[in-house]
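Please look over the sequence and the model below.

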Amino acid sequence: MAIVAQKKARKTRKVILKEDVTELGKKGELLDVKAGFFRNYLFPLGKAQIVTPLLLKEMRIEEERIEAEKKRVKEEAEQLARIFETVGAFKVKRKGGKGKLIFGTVTAQDIADIIKAQLQRDIDKRIVSLPEIRETGEYIAELKLHPEVAARVRINVYAN
């Protein structure tokens, strides 16, 4: 009679992470982890929870709520982009120098202030990207309202 060694049965648990765990995964991720790792590390520190049908249902509802919120934010950004593009050109006055040159430059903060004054819309200067403006003329600035939505606005720079 031959003796055959049997493989040790792998004991794993299906868990959902409650927070980001380095080298393992992100919050809300569904994983298979070894029973001892769950029992000795993840569960006592409150980083994971065993999967139950009720928990899966709650996760699905939460994901749908997050998706709806993302969609709403994107639609708002698109609406704002349409408003910015239909306005026409924003006028910026600067002290003039020789020829077409102006003193200083037109900055993203200047554009944000002008938009606030004309449209009563608060925008952050970090979403404004514009070329270096050191002389009079017409320029195009881009407003990054959302990762997928950008609005282009015209800027007319005049010298006093």
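The points below cover salt bridges, surface patches, backbone angles and selected contacts.

This is a predicted model, in which local features need pLDDT of at least 70, side-chain atom pairs count only at pLDDT 80 or more, and totals for chains, interfaces and linings use all residues. Residues are numbered from 1 along each chain as its sequence is written, and side-chain values use heavy atoms, with hydrogens and water left out. Helices (DSSP runs of H or I, at least four residues) and strands (runs of E, at least two) are numbered from the N terminus.

**Salt bridges**

- Side chains of opposite charge can pair when their charged atoms come close.
- Eleven salt bridges are counted, each being a side-chain nitrogen of Lys or Arg within 4 Å of a carboxyl oxygen of Asp or Glu.
- One of them joins the side chains of Asp32 and Lys14, at 3.6 Å from N to O. This pair connects distant parts of the chain, with Asp32 in strand β2 and Lys14 in strand β1, 18 residues apart.
- Asp32 counts as exposed because its relative accessibility is 52%, and Lys14 counts as partly exposed because its relative accessible area is 45%. The classes are buried (under 20% relative accessible area), exposed (over 50%) and partly exposed (in between), for a 1.4 Å probe and protein chains only.
- Glu148 and Lys74 form another salt bridge, with their closest N and O atoms 2.7 Å apart. Glu148 is in the loop between β6 and β7 (149–159) and Lys74 is in helix α2 (residues 53–87), so this pair ties together parts that are 74 residues apart in sequence.
- Glu148 has 57% relative accessibility and therefore counts as exposed; Lys74, with a relative accessible area of 27%, is partly exposed.
- Arg154 is bridged to Glu138, where the closest N and O atoms are 3.8 Å apart. Because Arg154 lies in strand β7 and Glu138 in strand β6, the pair ties together parts that are 16 residues apart in sequence.
- Arg154 is partly exposed, at 38% relative accessibility.
- Glu69, Arg72 and Glu76 are joined in a network of salt bridges.

**Surface patches**

- Patches are made of residues with over 30% relative accessible area and no salt bridge; like charges are joined within 9 Å, and nonpolar side chains (Val, Leu, Ile, Met, Phe, Trp, Tyr) within 5 Å. Accessible areas come from the Shrake-Rupley method with a 1.4 Å probe, and for residues only the protein chains shown count as cover.
- Lys8, Arg10, Lys11, Arg13, Lys34 and Arg39 form a positive surface patch. Lys and Arg count as positive and Asp and Glu as negative, while His and the chain ends are not counted; the place of a charge is taken as NZ of Lys, CZ of Arg, CG of Asp or CD of Glu.
- Phe37, Tyr41 and Leu45 make a nonpolar surface patch of about 270 Å².
- Tyr41 sits in helix α1 (residues 35–42) and is partly exposed, at 33% relative accessibility.

**Backbone angles**

- Most residues other than glycine have a negative phi, and most peptide bonds are trans.
- Glu23, which is not a glycine, has a positive phi of about 70°. Glu23 is in the loop between β1 (12–17) and β2, and counts as exposed at 85% relative accessibility.
- Gln120 also has a positive phi, near 55°. Gln120 is in the loop between α3 and β5 (128–129) and is exposed, with a relative accessible area of 63%.

**Selected residues and their contacts**

- Contact means heavy atoms within 4.5 Å.
- His146, in strand β6 (residues 137–146), counts as buried at 15% relative accessibility. Leaving out residues up to four places away in sequence, His146 touches Val73, Lys74 and Ala77.
- Met59 is in helix α2 and is buried, with a relative accessible area of 19%. Apart from residues up to four places away in sequence, Met59 touches Ile16 and Gly28.
- The C-alpha atoms of Met59 and Glu29 are separated by 9.8 Å, the two residues being 30 residues apart along the chain.
- Lys100 is in the loop between β4 (89–94) and α3 (108–119). Not counting residues up to four places away in sequence, Lys100 touches Glu135 and Thr136.
- Lys100 and Arg134 are 8.7 Å apart in space, C-alpha to C-alpha, and 34 residues apart in sequence.
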